[in-house]
Amino acid sequence: MNENKNAFADGIKDGIPIAAGYFAVAFSLGIVAKKAGLNPFQGFLSSFLNHASAGEYAEFTVIMANAPYLEMAVVILITNIRYLLMSCALSQKFHADTSLLHRFFTGFGITDEIFGISIARPGMLNPYYNYGAMLVALPGWSAGTAIGIVAGNILPASVVSALSVALYGMFVAIITPASKQNKVVAGVVTASFAVSFIVSRIPLFDQMSASMKISLLTVVIAGLAAAFFPMQEEPDADDT
């Protein structure tokens, strides 16, 4: 019991800075959600169920396009599919006797940052550590979206328009460091911009919604990059 309490407390402590960062990013998402017509409760619920900036942005884009639910499901699946891989990796950190219920709730709360602090924790992972991190991080994410929507309803249209650009700045901040470190990533990012522009100018794709174009290009470009530039496995220490 004490072990669970200590793990829970450690999770809360490590989750507080994550919650602060989430609030700032989700606030910008709230501005986009407001433009999509969501009210604060809908925005809060959306963020509580979808813990990814890219996934939520794709979701709000689909809503603004009045696309069908099936398209929304496909778009969110593609943008969030990396969490399946994270779940598989994190499952190896649990004791073999960890219940399915603990695994389910831990999987529900996986985000890039929570995965990072969990996978870096030494030894076997106690699910109560994740619960502690989730307790502060996920409400911070959800509240940020709801408050962003409220601010979007109060602030002048010019300010709302300016704040909506912050989300694009966040995406640029994500891809820039990775592009500097890896030439392949830089090439894929550049190709993505170029191909997206070309597709937007081809009449054949005019009947396809913006979200479906993004999904299609994501699968095609990522698949080609993986086929032609596979990641090289690092040699084990025992092999050196």
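Author: Happy to; below we talk about the overall makeup, then a helix pair, then some aromatic rings.

Author: This is a predicted model, where local features need pLDDT of at least 70, side-chain atom pairs count only at pLDDT 80 or more, and totals for chains, interfaces and linings use all residues. Residues are numbered from 1 along each chain as its sequence is written, and side-chain values use heavy atoms, with hydrogens and water left out.

Reader: Thanks! How many helices and strands are there in the protein chain?

Author: The protein chain has 11 helices and zero strands. Both are DSSP runs numbered from the N terminus: helices are H or I with at least four residues, strands are E with at least two.

Reader: And how much of the chain is buried?

Author: Of the 240 residues, 34% are buried. Buried means under 20% relative accessible area, exposed means over 50%, and partly exposed is in between (1.4 Å probe, protein chains only).

Reader: Switching to helices: how do H1 and H7 pack?

Author: H1 (residues 2–35) and H7 (residues 112–119) pack at an angle of about 160°, and their axes are 10 Å apart. Axes are lines fitted to C-alpha atoms, for helices over the stretch in contact, with angles from 0 to 180 degrees between N-to-C directions. H1 and H7 are therefore roughly antiparallel; angles under 35 degrees count as roughly parallel, over 145 as roughly antiparallel, 65 to 115 as roughly perpendicular and the rest as oblique.

Reader: Which residues meet there?

Author: From H1 come Asp-14, Ile-18 and Tyr-22, and they meet Glu-113, Ile-114 and Ile-117 of H7. Contact means heavy atoms within 4.5 Å.

Reader: Nice! What about aromatic pairs, how many are there?

Author: The count is four aromatic pairs. Rings of Phe, Tyr and Trp (its six-membered ring) pair if their centres lie within 6.5 Å; planes under 30 degrees apart are stacked, over 60 edge-to-face, and the rest tilted. One of them is Tyr-22 with Trp-141, edge-to-face at 5.3 Å centre to centre and 70° between the planes.

Reader: Where do Tyr-22 and Trp-141 lie?

Author: Tyr-22 is in helix H1 and Trp-141 in helix H8 (residues 127–154), so the pair ties together parts 119 residues apart in sequence. Tyr-22 is buried at 9% relative accessible area, and Trp-141 is buried at 5%.
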